[in-house]
Amino acid sequence: MIPPETTSKETTTDMSTERRQSDRTEAAAEAKESSAQDAKGHGVNIEALNAYYGDQLAVKNFNIAFPANEVTALIGPSGSGKSTVVRCINRMHEEIPGARAEGSVALDGMNVYEDGVDVTSVRRLIGMVFQKPNPFPTMSVFDNVAAGLRLTGARGINLRERVHRALRAVGLWDEVKNRLDKPGTGLSGGQQQRLCIARTVAVEPEVILMDEPCSALDPVATLKIEELIDELKDRYTIVIVTHNMQQAGRVADSTAFMLEGELIEHGPTTKIFTNPNDERTERYVTGKFG
Amino acid sequence: MEASATTVSGGRSLIERSPLSRLPDQVLQWTLTALAAAILILIAYFFIRLIGQSSTAISHFGWGFVFGNDWNPSHLIFRGLPLLVGTVVTSAIALLIGVPVAIGTALFLIEICPRRFRTPMAILVDLLAAVPSVVYGLWGVFVLAPKLLPVEKWFASTFSFIPWIGGGTVTLYNYFIAGLILAIMILPIVSAIAREVISTVPSEHKEAALALGATRWEMIRMAVLPYSRSGITGGAMLGLGRAIGETIAVVLVIGNADVIGKHLFNQGYSLAAVIANEFGEAANTTLYKSALFEAGLVLFILTLIVNIIARWFVSRGTRTRAAGAVMAGVAVDEV
Amino acid sequence: MSVTALPRVSPRRRRTDKVMRSLLLVATLIALVPLVFIIYYLLHKGLSAVTSSGFFSTDPNGNFFGNPGGIRSAILGTLEMIALATAISVPVGIAVALYLTEYGKESKFANVIRYFVDVMTGVPSIVFGLFIYIVLVISKIGGAFTGWKGAVAISLLMLPIVIRSSEVVLLLVPSSLREAALALGAPRWRVMLRVVLPTSLSGLVTGSLLAVARGMGETAPLLFTAAGAFALTGNLGAQMNALPIQIYNDIQSPRNAITARAWGAGLTLVALVLIINVIARIASRRSRMA
């Protein structure tokens, strides 16, 4: 992992700050305009990651780069360590008793495991969407989206505007604009999941991790989320864990195949699904096992 | 703060390295841990202070305080066997009467009672726990004791050949009345734990028994009771702990006589009752007061042992967390 | 073979089944008999006292003849002491429960705490009275017998009930909600205050109210800490009257007018406790609907 030069880093972040103040569509336009491949957002580099549950090694010597503003899909049979990898990126694995990780997960050249790194700032920059929609049951639609901003103690921001923008960004605005003060749990499953994505987007992270975000949803809701992921990648780096190979094919720029805690192969999605290098990958994507 | 998390200047990284923002979390964690630890320290401190206050009586009477049979405050002699006997006898009566009824109630409510009557019936049984002990005492003094006196007299003379039961005067307030009130008082807690335990019997066990052609009762005997024995035993022990420590209801109906009663329907005393009844008189006599503190100490240790055993049984028989809540007197379905 | 050949339960077994079932029913009815009798006698003997003039508006006067007075000071004392006891035990109890569910979890120390809290529930109330007598009354901190010392003794009794019921309720908060909040970058203390506590609020109220109902009826700890005074006082720094103490003293009187007052006070106390129980149940029902 080579840290980018200081000067380029400054430009990067200055631009990102500016963009924060601008409207989403503008931001997208701006992102499309900019030519440099690293100027839009931040990628994540994982090096020599080992993750354990107690004594059991769940992820073995894992190395991967998630490029900025791309969707990377993690596929593999259940128990292969996909979710563990994703949790290790924003240190959510620390919430599982007995789980620990070693190695390096770097965002913007900074290892999130380094001593003194504030875990809350890691998670503010690397958001997460879970398998089951989990809106806060005591909060209204509005408060759910605002929750991230309130919970992180953000000050000096226009809460209303940020919430409305996040709801528009996930395409939920027209569906909920008349019921912003109703409980978030009153929405349908697909709407709830988009609400949870809006909640994550509202904090304006750099990276969004999605742990099988559609596995609890019906096909129509799934399609909506997939379209949304495609839009979000203009603005965010996205890592999505999925069981569903068609889904990986539809949304991911690159796909990584995991087996028994190891990364077998990572490459452009079309290549992984049509012409993989590894025989195990081929057997998995052609449905021979898993 | 929010600005520093997202902007970078002077080569600083995106990710914050500020230990300051972690301060509130650490303060909260330490505060909560300290509060939890304070409970342990408090219990230990109370225990030590109680021993300290009892030391005069302990050095005066030694084991004689527990096993000597002579409680004579006017001569400053405090050998408390009459108290211990009263506590043991009344608690035993409470268990003998209360536990079978409590288990029967629990079995009926969970296994036999039609579903729609179950909750209202359970609430009614739980209501017994809501009645304050002084109200049980009130009822015992003015209703139960006088109304039962003729029955007790008849019983004592009819079965006078049985030792410890007949063959003496039947007093208005006595061991039996105290034990009976205790039985009513421990009924809700024993029943609540029994219900909790019985409802966790896996339905496969019960269905297996029924599939073998067992009747409802045979199913209870074959599948339910063996599975829940440990938890029910724990519940009974918990009831025992309550009975041993109950003060106000007992002091009002046990008669407060400082000799060992000759039989079941004779008046006596108990460890808890003596403290409540004589504390005022003992106020200015060091040894007397110390003796009452020692009675409290014995009571504390006794209930501690019983509760430790009870907890062991209960946690073996149920999900531990539920057990804790039930032990605290809060049935899980209430919260 | 015809269907009539199905084996039938032998008459003996059927009889046993019937007998045992009726025995269980009888046990349940027996369990309810005392409740019916107690309520009947409380109403029968207490109603006339309660409806007599001045019962709630005068204080017990200690006169040997004539009107013995009402229970005003006892009600005020009980309400004040239980209020203070609640103010102590509920925050501390919920804090300890939060420690157990959010930090301690299954650690050894947390289990030791649980163990001693369970043991504490079994400590007789009179022993708590002795504790407070030794620690606060003998040392004459702020006077010998005072209302606030009675409140402290009662709060010790309520504490384990609050802790254990709160723990059960806090554990019911799905961990997915905690994870959602943490993944947004929220510090743990904000997650507790704004997600965990609000989600479990009604359950916490129920547990606390049940503890209040228990604490309100306790007599023994008050005997050595607040003692009893007839006069009306709102001052927790002075000796105080309380309903249970009033009843306890009145029972032992030879005068009919005073024992009648005991029944009236008993009816009042039970009514108060039942009202709190009903409120607690309503609160818990609300929590289950949410």
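## Close-up views of a predicted three-chain model

**View 1. Surroundings of Leu204(C).** Apart from neighbours within four places in sequence, Leu204(C) is in contact (heavy atoms within 4.5 Å) with Ile94(C), Ser166(C), Val169(C), Leu170(C) and Leu197(C). The model shown is predicted: local features need pLDDT of at least 70, side-chain atom pairs count only at pLDDT 80 or more, and totals for chains, interfaces and linings use all residues. Residues are numbered from 1 along each chain as its sequence is written, chains are lettered from A and ligands numbered from 1 in the order in which they are written, and side-chain values use heavy atoms, with hydrogens and water left out. Leu204(C) lies in helix H8 (residues 201-216) of chain C; helices (H or I, at least four residues) and strands (E, at least two) are DSSP runs, numbered from the N terminus. With a relative accessibility of 5%, Leu204(C) counts as buried. The classes are buried (under 20% relative accessible area), exposed (over 50%) and partly exposed (in between), with a 1.4 Å probe and protein chains only. Between the C-alpha atoms of Leu204(C) and Leu35(C), which are 169 residues apart along the chain, the separation is 28 Å.

**View 2. Salt bridges around Arg164(C).** A salt bridge here is a side-chain nitrogen of Lys or Arg within 4 Å of a carboxyl oxygen of Asp or Glu. One such pair is Arg164(C) with Asp118(C), whose closest N and O atoms are 2.7 Å apart. This pair links distant parts of the chain, with Arg164(C) in helix H5 (residues 147-172) of chain C and Asp118(C) in helix H3 (residues 108-121) of chain C, 46 residues apart. Arg164(C) and Asp118(C) are both buried. Arg164(C) also forms a salt bridge with Glu167(C), where the closest N and O atoms are 2.6 Å apart. Because Glu167(C) and Arg164(C) are three residues apart in helix H5 of chain C, about one helical turn separates them. Glu167(C) counts as buried at 1% relative accessibility, and Arg164(C) counts as buried at 2%. Through shared partners, salt bridges join Arg311(B), Arg114(C), Asp118(C), Arg164(C) and Glu167(C) into one network.

**View 3. Interface of chain C and chain B.** In this interface, 90 residues of chain C are in contact with 86 residues of chain B. The buried area (the accessible area, 1.4 Å probe, that two parts lose on being put together, summed over both) is about 8000 Å² between chain C and chain B, and carbon and sulfur atoms give 77% of it. In chain C, the most area is lost to chain B by Leu24(C), Ile134(C) and Arg281(C), together 8% of what that side buries. Two salt bridges are counted between chain C and chain B. One salt bridge joins the side chains of Asp118(C) and Arg311(B), at 2.7 Å from N to O. Helix H1 (residues 11-51) of chain C gives the most to the side of chain C that touches chain B, with 19 residues. That side of chain C has 63 nonpolar, 14 polar and 13 charged residues. In this grouping, Ala, Val, Leu, Ile, Met, Phe, Trp, Tyr, Cys and Pro count as nonpolar, Asp, Glu, Lys and Arg as charged, and the others, Gly among them, as polar.

**View 4. Helix H5 of chain A.** Helix H5 (residues 141-151) of chain A is largely enclosed by the rest of the structure because nine of its eleven residues are buried. The buried residues of H5(A) are Val141(A), Phe142(A), Asn144(A), Val145(A), Ala146(A), Ala147(A), Gly148(A), Leu149(A) and Leu151(A). In chain A, the buried residues of H5(A) pack against helix H6 (159-169), helix H7 (173-176) and helix H8 (189-202). They also pack against helix H6 (175-183) and helix H7 (188-199) of chain C. After H5(A) comes Gly153(A), whose phi is positive, near 70°.

**View 5. The pair Lys233(A) and Asp230(A).** The side chains of Lys233(A) and Asp230(A) form a salt bridge at 3.8 Å from N to O. Lys233(A) is buried, at 18% relative accessible area, whereas Asp230(A) counts as partly exposed, at 41% relative accessibility. Over all chains, the structure holds 25 salt bridges.
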